[in-house]
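Subject: Structure for you to look at

Hello,

Here is the structure I promised. Please open it next to this message; my notes follow below.

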Amino acid sequence: AAGFGVLSSALGYVLATALNASIAGSMGVVAGVLYALALVFGPRHGILARRRALKLAPVAALVLLAFPHPAAATNLFHPRPREAMRELSTDRPDITESPHTVDAGHFQLEADVVSWSTDKEADLTRETIGLANLNLKAGLTDRTDLQLVVPVFLRESLSGPSFPGAVRSGIGDITVRFKWNAWGNDDGKTALALMPFVTLPTAGDGLGVEEVSAGLIVPFSVELSSSWGLGLMLEADWVSDSEDRSFDIVSSAVIGRDLTATLGAFLELVTVVSTTRTGEIQTQLDTGLTLAASPDVQLDAGVNIGLTDSPEDLVLFLGISLRR
């Protein structure tokens with residue numbers, strides 16, 4: 001409770017400063033978001049805990065179509081025992097995705113609680129604030145999970161010496177992802193997965209893609225030692241809009257180290273190559289810290305730094321991951 005109080009105060013102050021809004025009101029909004037997360041994902045009295053079977057029914061129908069064998073659907077309604085669950089593995093805070101899936105019959109929430117970015121091109125400066133960028137995951141089988149990525153709120157402001165300024169805000173693009181672990185989910189020093197995804201143009205006012213986009217992510221991880229780990233990712237994106245269509249290739253490498261039993265750090269390099277004629281190679285450097293508050297809760301914070309002109313110059317973020 002003390003930790004959530006401090007988090008509400010700090011993030012509320014940052015939000016109020018960025019939006020030029022009421023400080024007390026912004027703190028209340030952040031506290032409300034945290035309460036909503038507890039209401040949904042509470043381990044004993046949360047909505048998902050009480051209505052697990054009802055929530056999983058639509059997912060079960062989809063999985064039965066994709067996996068006709070009865071054992072593939074059994075795990076949906078018989079969660080993996082807690083004593084047999086894998087160590088918490090998240091697709092954040094780095095860009096490189098994890099090849100490990102959520103345990104069958106369990107749920108996981110990963111979110112940017114708040115993020116801020118700035119990018120300057122010529123005399124125009126763009127600042128973006130994101131709140132509650134959620135990734136909701138459901139473990140379908142021992143080797144698959146289904147994910148729904150929902151950027152709840154984005155606010156983008158443009159300003160410059162010769163520009164009067166403009167502000168646009170709203171929800172971001174919603175992405176549906178499916179992860180299948182090929183090997184290494186439960187044992188072994190390496191792991192690999194395939195993650196097809198579809199992005200829907202739900203963002204308004206130019207905040208996202210204009211048409212449905214799709215792609216495939218291939219994450220790979222190697223356990224170098226008891227405290228060092230290496231992650232690699234290759235991603236192919238098909239992006240389409242009213243003016244152009246492009247095929248983008250995203251590659252990334254991240255190295256992580258456990259500093260203590262609960263504290264970890266990572267360093268990552270990300271490169272994006274676009275097939276558009278005007279496309280430029282985008283390169284950014286990411287770093288940050290993770291804190292395992294419990295076996296089912298992880299906090300993180302980090303910074304992304306653009307090394308070329310195309311990516312955002314600077315991104316700061318605070319995040320949280322919860323498992324039920």
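W180 has L194 in β6 as its bridge partner. This is a predicted model, so please read every value here as computed. Seven bridges hold β5 and β6 (residues 190-200) together, and the two strands run antiparallel. Six residues lie between the strands of this hairpin.

β5 has another partner. Strand β3 (residues 144-160) pairs with β5 (residues 174-183), again in the antiparallel sense, over six bridges. Here F178 in β5 stands opposite L146.

Next, the surface. Eight side chains to display are L224, W228, I255, L267, L269, L285, I305 and L307. Together they make a nonpolar patch of about 660 Å².

L224 sits in the loop between β7 (213-223) and β8 (228-240). Its relative accessible area is 47%, so L224 counts as partly exposed. L285 belongs to strand β11 (residues 282-294). Is L285 buried, partly exposed or exposed? It is partly exposed, because its relative accessibility is 31% and the buried class ends under 20%.

What does L285 touch, leaving aside residues up to four places away in sequence? The list is L267, E268, L269, V303, N304, I305 and L307. G306 is worth a look too: L285 and G306 are 21 residues apart in sequence, yet their C-alpha atoms are 6.4 Å apart.

Now the whole chain. The model has five helices and 13 strands. Of the 324 residues, 42% are buried. Among contacts with a separation of 6 or more, 52% join residues 24 or more positions apart.

Last, confidence. Mean pLDDT for the chain is 84, and 86% of the residues reach 70 or more. Among the elements, strand β12 (residues 297-306) has the highest mean, 96. Helix α5 (residues 70-77) has the lowest, 47. Over residues 64-74 the pLDDT stays under 50. For that stretch the model has seven contacts beyond four places in sequence.

Best wishes

Note on methods. Residues numbered from 1 in each chain as written. Predicted model: local features only at pLDDT ≥ 70, side-chain atom pairs only at ≥ 80, totals over all residues. Heavy atoms only, no water. pLDDT = per-residue confidence, 0-100. Helix = DSSP H or I, 4+ residues; strand = E, 2+ residues; numbered from the N terminus. Contact = heavy atoms within 4.5 Å. Pairing = 2+ DSSP bridges. Patch = residues over 30% accessible without salt bridge, like charges linked within 9 Å, V, L, I, M, F, W, Y side chains within 5 Å. Areas by Shrake-Rupley, 256 points an atom, 1.4 Å probe, with all protein chains shown as cover. Salt bridge = Lys/Arg side-chain N within 4 Å of Asp/Glu carboxyl O. Buried < 20%, exposed > 50% of the residue type's maximum accessible area, 1.4 Å probe, protein only.
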